[in-house]
Structure formats: C-alpha cells, structure tokens
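Please keep the sequence and the model in view while reading.

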Amino acid sequence: MISLKGTGVSSGIAYGEIRFISRKKNTVNKRSVSDTRMEINRWRKAVKSASKQLLEMSRRQEGSEAAELFETHRVMLSDPDYVEAVEREIKNESVNAEAAVEAVGKRFSQMFSAMDNDYMRERSADVDDVSARVINILSGNAEDQSAVVPASPVIIAADDLSPSETVTLDRSTILGFILINGNKNSHTAILARTLGIPAIIGVGEALDKTLNGRYAAMDGSDGIAVIDPDERMMRKLEEKRQKENAAKRRLEALKGKPDVTADGKSIKVYANITSPKDIDAVIENDAAGIGLFRSEFLYLGGSGLPDEEQQYEAYSEVLKRMDGKEVVIRTMDIGADKELEYLDLEKELNPELGMRGIRLCLSKPDLFKEQLRALYRASVNGRLAIMFPMISSIWEIREAKRICGEVREELRAKGIMFDENVPIGIMVETPAAAMIAGDLAKEADFFSVGTNDLTQYTLAVDRQGGRAVERFYDAAHPAVMKLIEATIKAAHVYGKWVGICGETAADTSLTEQFIKMGADEFSVSPKSVLPLRAAVRSSKRN
Ligand code: PEP
Ligand code: MG
C-alpha cells in the first residue's frame, strides 16, 4: 500500500485504475532540408510505426469504443489525400517531416471543423490526434499514447493539466484526477469541481509513472490517494463515502425550496458552467439559474474557433434547457492560463496581466462581434444576460456596449429577431473595478464579483503560482472583503444587483458574511448549489 498526500480540490471518493497521461507536447521546429527524399522516407517509416501502435492498441481493447477509434485513426493514416499532402509539403517547401505533418494536420483539421455535418466536424480532433502521434514518433518519442483515450473509466494521473487539455478529456471515462503539481485556484481545478469529479493536486513526485495501471482509492476532500489499498483502508473510505451520500440525500430535501435567508431576503443561488453538457448537473441540483457560463471553454480544446453557428447552437441549447430561468453568459475570457494556440497571440512575460478577457475582445472586434451576434440571436430562446470579464476602466465597458449596439443594429437591419432588453453586466475582478464601482454601476445592469482574480490582483499573488506562494493567496483576506463590500454598496446606490461567482462563493463559512454585506446572488459549481442553499436559509442579514 502506497499513500500519496496532496491538496483535495474537488470532493468525492473514487476507486479505479491509475492512468498516466503524458502532456509532453512536442514543439515542432521547422527546418529547411535539402534531401527531401530522405525526409519522405522518415515520414513513411513513422506512419508505419504509428499504424502498428494503433493496431496493437485496438487489439488490446477489442470490442470497445476506443478500439473503434484507433481503427478510424489507422484508416486516416493511410488516407491518400492526407499522405499526398504531407509528401507534397515536404517536397515543395523543402521542410522537415515534423513541420510538414504539423502544417498539413492543421489544414485538414480546420477543414473538418468548418464542415456542416457534426460527425465530420468531430473528425477534426482525430486528425489532430493522428498528426500528434506521427510527430511524436518523428521526434524520437515512440511512447504509447493510448492513455489519452481511456476505454474504461480510470483515475487520470499527470504532472499537471492545462484547462484546454482537461476540457478535451472524455468526462464519462474519468473517475478522478491526481496531479503531481497543479493549483487549487486554476481553471483545471475549477473544471473538476464543475464536473463533480474528485481531484487531488500537488502530490509531488511520489506519483511516478511506474504506478500506471495500479489500482487506487482517492479521497478528493482530504487530498489522500492510496495505491493498492488494503481492506481496512477500503472499508474506511467506503464508510466515508456512505456518510457523504447520506449527507447528499439530506440536502436533496432542499430541492424545490426557495433561496431565502432566515430573515426573509430572497437570494439567487445560481450555477457556474463551462459547457451545455453541464446543464444536466444544474437541473439535477435545482439551481435557480446560471450565474456564469465561462463561454471561453467552447473555444478551448478544439483546433479552430467555433463559428457563429456553433456558438449560437450552444447558447440556444443552454437557454432552452434552462426554460426561462436567467442565464448569464460571460463573453470569452481567453488569455492567461486559457491559451488559444490557434490565435497566434504574442507570448507574454506576465500573461495574467496581459491580453486577456475584455482586452482581447476590444483588440479583436471581429471575433467579439461574432460571439455577440451568436448571443443576441440565441436570446430569443430564453432569459439571457451578457457579462464582460476583466473590466478595469469605464471606457472599456462603454466601448464593449457600443459594439453590442452595432451588433444589434446589424441584426435589426437584417430583420433577425433578438431580445431588445438583454441586460449587460460586468465581472468585478480587478481592484480598479471595485474602486470605481459607483461609476461602473451607472453603465452596467449588474455586477458579478470574480473572487479568484480579485484575490490574485489585490494581493499580488499569482492564482496559478507554485506551492510556495499558495499560502499567501487568501480569498478571505480583509482587503478582498473590503473591496467586495464597497462594490455591493456602490451598486446598490444605483439599484443594481451584485453576485459573487468566484470559488469563495461556495465557501459556506462566508455565506452569512456576504449576505450581511448585501450580496444578492451566488453562483457556484452545480454540486455546491444545495449546500449553499442550506447556508443561505440559515443566514441572517443583521
Ligand atoms: C473569477 O476570477 O473569480 C472568475 C469567476 O472568473 P475565472 O475564474 O474564470 O477567471
Ligand atoms: Mg476571472
């Protein structure tokens, strides 16, 4: 029995096989080559090895969905158009095979993702996979990548995962996450909580690759994982799981009950989502609305930008399924840890202070307008509110609103229907926004406090910083609390409502304090809705 200790960042108990996923992405260096024949031979050999790998993997998992997928990848590798395109690229551009596979893979994947048919669009991720496999082999790394497509549910182990890597994993095959590194406030941890998947971070090097395939039991609240647990350990965890399930069942009794404080103030208890797929959990946990749809996750994980139609469909699906309940969709908060390789943004020294959120939208108005068009068109399907992230100055919200006005005007001119009264709000997640909340409240219909970023920018502690700085990141720091209180007061002067949608919104030890400050709404991961409802119902304003 081996014990691993880290920080639990998403609660729940899970048992299963450990599956390591390698996130070593090969960075492709483009080189000019004089002997293109030799390069073509290298490529052909790599294709043979890749095909052999895939065949072995599909045999090992015969009859499973994964086996079918590996077969599809094998067929792709022998597709004459793909093969010819790579060989032409090597010859015509006189480049190394890795660069040719990367360029052709990107082109093919973009072509697939632009297709009308859902099935064909999904093939774009397969082209990426196949190309990555060949590049991996060309780069001298013949490691079996079957781990990234688990056939049966497993506990995923990795050194760390970026949000875009996490979002591409098939959630139905993940029992839990155990990470060597990782950070409590990262979007990967947030994603695990949103999906309700137990997760432990920071277990260190004790989690080494030789543990791949071993049976483990993990506890996402205590941050403990045990490899080859003995009977006593299993019994202990099982007892805890049953207790947790019993507590969950008790909370079920709160379904359908109003979110109202013990002294009579109605509070909105909403849920955070990252994808239309999360709506099942929102409905299951009886949230009164969606307070934060992190729309940028629609852009992550794919190989190209989702077009207006794809976005329209995603937003419409969420609005329709929420059936008239309020849905706050945040415009894309790309940047910082949520990198989009295909946007080719300049590398930044301090990405958390760089081109992210509204800054990127105002700098790329065409991209912004495409999203706004999709949002306004979808608005006829439910009760939409639009929210801008990372606002720190008045001119930013004014300019963003002016662009919304242009989009509405264009839709009107084309006779396209939309809701003329979609409220426009902002995230308050920079100290600047909190300090000028009074002026911003004249422009915004509502505020939602993003405590994750507000904490990092107020305390000057990177929310993704290493373990050494983690203890300096205190979301309940008096400075952060003062800013939240000042924001709520300023907004109420202008009759605007204020929500809290960062991770502290789910900390029930702070619920009463936030309610005393005047908070009107909380938005939390679906799993935290009922515990929060209980905390709201036992809190008082005075
Ligand atoms: C926040 O900063 O608190 C927030 C809700 O936004 P995100 O975590 O996506 O940055
Ligand atoms: Mg934020």
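The structure is a predicted model. Ligand 1 sits in the largest cavity, and 17 residues surround this ligand.

**Ligand 1 and its shell**

- Of the 17 residues around ligand 1, the closest are His187, Arg294, Arg330, Gly450 and Asn452.
- By type, the shell around ligand 1 is made up of 8 charged, 5 polar and 4 nonpolar residues.
- Three elements each bring at least two residues to this shell: helix H7 (187-195), strand S10 (290-294) and helix H16 (451-459).
- Among the contributors, H16 gives the most, with 3 residues.

**Polar contacts and cover of ligand 1**

- Arg330 places a polar side-chain atom 2.8 Å from an oxygen atom of ligand 1.
- The side chain of Asp453 has an N or O atom that is 2.9 Å from an oxygen atom of the ligand.
- For Arg463, the distance from a side-chain N or O atom to an oxygen atom of ligand 1 is 2.8 Å.
- On its own, ligand 1 has 280 Å² of accessible area, and the protein covers 100% of that area.

**Helix H7**

- The buried residues of H7 are His187, Thr188, Ala189, Ile190, Leu191, Ala192, Arg193 and Thr194.
- After H7 comes Gly196, which has a positive phi, near 70°.

- Ser94 counts as partly exposed because its relative accessible area is 28%.
- Is Ala336 buried or exposed? Ala336 is buried, because its relative accessible area is 10%, and the cut-off for buried is under 20%.

**Two aspartates in loops**

- Asp278 lies in the loop that joins strand S9 (268-273) to helix H9 (279-284).
- With a relative accessible area of 3%, Asp278 is buried.
- A polar atom of the Asp278 side chain lies 2.8 Å from the backbone nitrogen of Thr274.
- Asp507 is in the loop between strand S15 (497-500) and helix H19 (511-517).
- Asp507 has a relative accessible area of 31%, so this residue counts as partly exposed.
- Asp507 and Ala535 are 28 residues apart along the chain, and their C-alpha atoms are separated by 9.5 Å.

- Ile18 belongs to strand S3 (residues 13-20).
- Ile18 counts as buried, because its relative accessibility is 0%.
- Between Ile18 and Ala157 there are 6.4 Å in space, C-alpha to C-alpha, and the two are 139 residues apart in sequence.
- Leu375 is part of helix H12 (residues 365-378).
- The relative accessible area of Leu375 is 0%, so Leu375 is buried.
- Leu375 and Ser139 are 236 residues apart in sequence, and their C-alpha atoms are 43 Å apart in space.

How values were computed:
Residues numbered from 1 in each chain as written. Chains lettered and ligands numbered in written order. Predicted model: local features only at pLDDT ≥ 70, side-chain atom pairs only at ≥ 80, totals over all residues. Heavy atoms only, no water. Near = heavy atom within 4 Å. Polar contact = N/O pair within 3.5 Å; in protein donor to acceptor, adjacent residues only side chain to side chain. Areas by Shrake-Rupley, 256 points an atom, 1.4 Å probe, with all protein chains shown as cover. 1 Å grid on protein atoms, 1.4 Å probe; cavity = no way out; pocket = protein on both sides within 12 Å on 5 of 7 lines; lining within 4 Å. Sits in = over half its atoms within 2 Å of the grid points. Helix = DSSP H or I, 4+ residues; strand = E, 2+ residues; numbered from the N terminus. Nonpolar A, V, L, I, M, F, W, Y, C, P; charged D, E, K, R; others polar. Buried < 20%, exposed > 50% of the residue type's maximum accessible area, 1.4 Å probe, protein only.
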